[in-house]
Amino acid sequence: QVQLVESGGGLVQAGGSLRLSCAASERAFSDYAAGWFRQYPGKEREFVAAISWGGGNKYYEDSVKGRFIISRDVAGNTVDLQMSDLKAEDTAVYYCGSSRYGDALIGILRRTGSWNYWGQGTQVTVSS
């Protein structure tokens, strides 16, 4: 059982930046793809970004390409999401996830069923 703990959410003005971090409790976290999803009130959790087990492949939802960067520290068992040029529509609860795959096509990683473990979520609010 991998426990994931997110941090770094908060309130920021439009155009600003935030960095989300996720720390995993188990070394096995580094053997699988890691990623970030977000959820709007009353909506399904949706894919934001993912990174393969070794960090060599990165995947992004179209709406965040060029603004968000995902990275991971394999030795430190962490995955980060650097968010820049934030927009009001980025306001959501962000969840860190650990996939059941080391790497996969983005179409597979987009599915919540491809993820074994989730953090508790961290709120990101962008004021316009």
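A nonpolar core is taken here as a set of buried Ala, Val, Leu, Ile, Met, Phe, Trp, Tyr and Cys residues that are joined through side-chain atoms within 4.5 Å. In this predicted model, the largest such core comprises 26 residues, of which W36, V79, L81, M83 and Y94 touch the most other members. At least two residues of this core are supplied by each of strand 3, strand 4 (34–39), strand 5 (46–51), strand 7 (68–73), strand 8 (78–83), strand 9 and strand 11 (122–127), and the greatest contribution, 4 residues, is made by strand 3. A further core of 8 residues lies apart from it, and includes F37, F47, A104 and W115.

The surroundings of L81 can be described residue by residue. When residues up to four places away in sequence are not counted, L81 touches L18, R19 and L20, as well as W36, V48 and A49, together with F68, I69, I70 and Y94.

The structure also holds 1 disulfide, which is formed by C22 and C96, with their sulfur atoms 2.1 Å apart. The link between C22 and C96 is left-handed, with -75 degrees about the S-S bond. Because C22 lies in strand 3 (residues 18–24) and C96 in strand 9 (residues 92–99), the pair ties together parts that are 74 residues apart in sequence. With buried defined as under 20% relative accessible area, C22 counts as buried at 1% relative accessibility, and C96 likewise counts as buried at 0%.

Note on methods:
Residues are numbered from 1 along each chain as its sequence is written. This is a predicted model: local features need pLDDT of at least 70, side-chain atom pairs count only at pLDDT 80 or more; totals for chains, interfaces and linings use all residues. Side-chain values use heavy atoms; hydrogens and water are left out. A disulfide is a pair of cysteine sulfur atoms within 2.5 Å. Buried means under 20% relative accessible area, exposed over 50%, partly exposed in between (1.4 Å probe, protein chains only). Contact means heavy atoms within 4.5 Å.
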